[in-house]
Amino acid sequence: MNPPPTTGGAPGSRNVLPADITTVLFDLDDTLVPYLTCWNTALDAVSQLLARTHPGASGPYIAATYTRVSNILWRDYEQTLAHLGPIPVIRAHVWRTALHECGIQPDETELAHLVEDFARRQLLAITPDRQAAARLERLALHYRLGVVTNGDSTSQRAKLQHAGLDRYFDTVVCALDAGARKPAPAPFLHAAAELSVAPEQCLYVGDSWANDVVGAHDVGMHPVWICPDSTQTPPGRLPVARFPDLLSCLNGLTSHAVGRPARETEPT
């Protein structure tokens, strides 16, 4: 019996990928789409606009305050935000809280416009990734593909569309709509159920050790970690393949698929 194929990852490592996988699932933000870069670009722009219309607080101060407040509130989402209701209401609350710390008291009309403008600018900062699209197209010949993300359906599907990647995925599970976020088991298991596969038949590719690697491992999936070569693996020694970026991961996965039969698809 031939050994399972290996692919290149971090220097000195061997990324052994299971031979019996049928499905590859991906995280979205900062895995398929460079979310943090786009988020910061949008935040800088709206903060500068706020500073011009609300003298007394600089753009960098507004951006720094919003980043800190947003991180605190979203980190403890279940206790601080979930009870507030729909996602637009939650986002307005985060902005209101941050702006109050900056001495800015926006009315509801201004707040609604701010939330909408911030989301729009994030999408505009996303550019189509033709290299990733080409590799996903090849990968989809052999595996079923899906997305499991902690965001909401409206914004996350829009990101995939702006990146030119939306047509390659058989399912997109958005945890905010389902009420349980990664690393909770529910989003991972929901995706597997939608694709009618067992968790152990799935690779899960993501950039967050806690949410993606540990979460996927705990439900029986095979985690693949996207992280810079310089990043140290946290203690625990979970079995995990790792790649420094998305393209190297997709190259490894498509190489791994060589020799596999084309996957069966339902007639259209």
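Tutor: Let us begin with accessibility. Buried means under 20% relative accessible area, exposed over 50%, and partly exposed in between, with a 1.4 Å probe and protein chains only. D30, at 31% relative accessibility, therefore counts as partly exposed. This is a predicted model, in which local features need pLDDT of at least 70 and side-chain atom pairs count only at pLDDT 80 or more, while totals for chains, interfaces and linings use all residues. Residues are numbered from 1 along each chain as its sequence is written, and side-chain values use heavy atoms, with hydrogens and water left out.

Student: Where does D30 lie, and what is its phi near?

Tutor: Helices (H or I, at least four residues) and strands (E, at least two) are DSSP runs, numbered from the N terminus. D30 lies in the loop between strand 3 (23-26) and helix 1. Its phi is near 65°, a positive value in a residue other than glycine. S196, also not a glycine, has a positive phi of about 60°; S196 is in the loop between helix 9 and strand 6 (202-206) and is exposed, with a relative accessible area of 67%.

Student: Which peptide bond is cis?

Tutor: The bond from K182 to P183 is cis, with omega near 15°. P183 is placed in the loop between helix 8 (175-178) and helix 9 (185-194).

Student: Why does I126 count as buried?

Tutor: I126 counts as buried because its relative accessibility is 9%. Contact means heavy atoms within 4.5 Å; leaving aside residues up to four places away in sequence, I126 touches V33, C38, K159, H162 and A163. I126 belongs to the loop between helix 5 (108-124) and helix 6 (130-139).
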